[in-house]
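Here's a quick walk through a protein structure, for anyone meeting it for the first time. Have a look at the sequence and the model, then read on.

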Amino acid sequence: MERKPLEVETTDHKKPSSAVYDGSATAVDSVEEEVQETKLVYRGWKVMPFIIGNETFEKLGIIGTLSNLLVYLTAVFNMKSITAATIINAFSGTINFGTFVAAFLCDTYFGRYKTLTVAVIACFLGSLVILLTAAVPQLHPAPCGTALTCTGPSGGQIAFLLMGLGFLVVGAGGIRPCNLAFGADQFNPKSESGKRGIDSFFNWYFFTFTFAQILSLTLVVYIQSNVSWTIGLTIPVVLMFLACVIFFAGDKLYVKIKASGSPLASIAQVITVAIKKRGLKHVKQPWVNLYNYYPPKYANSKLKYTDQFRFLDKAAILAPEDKLEADGKPVDPWKLCTMQQVEEVKCIVRVLPIWFASSIYYLTITQQMTYPVFQALQSDRRLGSGGFVIPAATYVVFLMTGMTVFIIIYDRVLVPTLRRITGLDTGITLLQRIGTGIFFAFLSLVVSGFVEERRRTFALTKPTLGMAPRKGEISSMSAMWLIPQLTLAGVAEAFGAIGQMEFYYKQFPENMRSFAGSIFYVGGGVSSYLGSFLIATVHRTTQNSAGGNWLAEDLNKGRLDLFYFMIAGILAVNFAYFLVMSRWYRYKGSDDEVTTYESNGDVIKQQDKNRV
């Protein structure tokens, strides 16, 4: 969506008579705004074939390249499972952290269109490089065949592979925080048809995302695993090329919102000024006596005073040496901030403990995207009596399917039922939705442990189905037993992931919604790096122990079930921490904030009952 400027120049030179000043736009401002708006032509659904077409082919291309990358690294690059899993976790984490950098560059310097231009080209180049590693024999190790020991990749082959992954980091990192907002930019946010168009676009966006995941995890993965890696990786390259062509075909029709400057400066100002003024005493009745000022056409919602993080209040104390301009604005924003700025920083600080718990939650999704593939490789993947074998990476599609189906059930069945019980329009609060997601993630890990214990027992005590290349004997347990744990993980995503996106979007200041989208992916990045750390630590700690390596290359010789139970224990502690933080949290907005009043010297606090 278009971001309105936080401040514009005004010709009103009246000095405020109190610490609170509410600027108002003049006739000149209104004329300038109208002239500017007449230059924008919102074409809405007329440009959606370009936006959604690009989105569909782009997601098919990216996911088609990445969805089977774990198997590709072990089968073609002859990497050990633990090495491949560590690389995938680190790669996923880097992409997610890259979204924060991309959001900063997008909002501060380049705007969404230019950022997406670089990103889609980078994704195409990344997919092309990964294809070359499969198509050119000199760019990957010699095939292993049935040998027990294999030749690993050379330094040059690793460097070329990492170059391709680097392009994908730049591309995916730029697309994720910008693509959804760029599509919404094409609708007029001030008209009813535009608002309805934005809502519909969100639905189409998530539909294409899920469609691309399911198609990639079935058809594309099957071709890669059973026909040819070269052909299977050529498909994403062609799709990414089509995505680029479709995107640039609409160049003359798009609404291109210019970068409006980063809101990070305001955060830095509040923290800096609060430190500088740390020696000042707190003022009485801060909701009245703290300095406040609203620039004309201020985009963010006006926030009430809250009594959390009171050390930040000192940034808005009007000291004798602080100077104001004629319109009431601070002469130096690095010496005096407004109460509004302070409250916006409080909103962000309050979110951080919830964000941390949500990041730990993603450990479940990280593991369910990697180790179930290895479990499937050493399970019975035959379907029916025709001899059809389901590719190991395809089983992850059950996570996506579980999420998609449950979203419909949640929206059409659970929300109306819960609405009648709780009286809330959303059925449950956002924090309750996220907490439910964490609980289902915990259940998913517990089920994973028991299923792996069953698979391993079958492999050790019953006739096996042969040998998986460079792994071990294939258990006679059907790989369909992996569906429950993946479905539970999908339900967890339907609650937790979507709940987080909505939570960050609503709780961040309006001018930080690009960052609100990126912090979701940064949380996923934290969990990816944490997952890599846990894998490396467990492997190093248990490889020489009496009980054997938990994460052995041959799962039958390892104890992956204990690894799942260990992460479930971490999730249980995290769930308890989340409940404590949820009780402490105060929602942004007049209905949920805690506001402090003072009457006859007595302090009175009022707060909304539905705080969690």
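Leucine 530 touches Ile360 and Leu363, if you skip residues up to four places away in sequence. You'll find leucine 530 in helix 15, which spans residues 513–542. Since this is a predicted model, everything here describes a computed picture. Is leucine 530 buried, partly exposed or exposed? Its relative accessibility is 24%, so leucine 530 counts as partly exposed, given that buried means under 20% and exposed means over 50%. Along the chain, leucine 530 and tyrosine 362 are 168 residues apart, yet in space their C-alpha atoms are 9.8 Å apart.

Now for the chain as a whole. It has 16 helices and six strands. Of its 612 residues, 52% are buried. Take the contacts with a separation of 6 or more: 81% of them are between residues 24 or more positions apart.

With a relative accessibility of 9%, threonine 366 falls under the 20% limit and so counts as buried. Leaving out neighbours within four places in sequence, threonine 366 is in contact with Asn89, Ser527 and Ser528.

Threonine 464, on the other hand, is in the loop between helix 13 and helix 14 (483–507). Its relative accessibility is 26%, so threonine 464 counts as partly exposed. Not counting residues up to four places away in sequence, threonine 464 touches Ala459, Glu473 and Ile474. There's also aspartate 380: it is 84 residues from threonine 464 along the chain, with 9.2 Å between their C-alpha atoms.

| Threonine | Partner side chain | Polar contact |
|---|---|---|
| Threonine 366 | Serine 527 | 3.4 Å |
| Threonine 464 | Glutamate 473 | 3.2 Å |

Back to helix 10, and how it packs. Helix 10 meets helix 13 (residues 430–461) at an angle of about 35°, and the two axes are 10 Å apart. Which hand does the crossing of helix 10 and helix 13 have? The crossing is left-handed. On the helix 10 side, the contact is made by Ile354, Ala357, Ser358, Tyr361, Thr364 and Gln368. Helix 13 brings Leu431, Ile434, Gly437, Ile438, Ala441, Ser444, Leu445 and Ser448. Sorted by class, this contact has eight nonpolar residues, six polar ones and no charged ones.

Finally, the nonpolar cores. How many residues are in the largest nonpolar core? It has 105 residues, and the members that touch the most others are Tyr72, Leu73, Tyr371, Leu431, Phe503, Tyr504 and Phe563.

Apart from residues up to four places away in sequence, tyrosine 72 touches Phe77, Ile130, Thr133, Ala134, Trp229 and Leu233. Another core lies apart from the largest one. That core has 19 residues, including Tyr113, Leu116, Cys244 and Tyr254.

Methods
Residues numbered from 1 in each chain as written. Predicted model: local features only at pLDDT ≥ 70, side-chain atom pairs only at ≥ 80, totals over all residues. Heavy atoms only, no water. Core = buried A, V, L, I, M, F, W, Y, C linked by side-chain atoms within 4.5 Å. Buried < 20%, exposed > 50% of the residue type's maximum accessible area, 1.4 Å probe, protein only. Contact = heavy atoms within 4.5 Å. Axes fitted to C-alpha atoms, helices over the stretch in contact; angles between N-to-C directions. Helix = DSSP H or I, 4+ residues; strand = E, 2+ residues; numbered from the N terminus. Left-handed = near helix turned anticlockwise from the far one by under 90°. Nonpolar A, V, L, I, M, F, W, Y, C, P; charged D, E, K, R; others polar. Polar contact = N/O pair within 3.5 Å; in protein donor to acceptor, adjacent residues only side chain to side chain.
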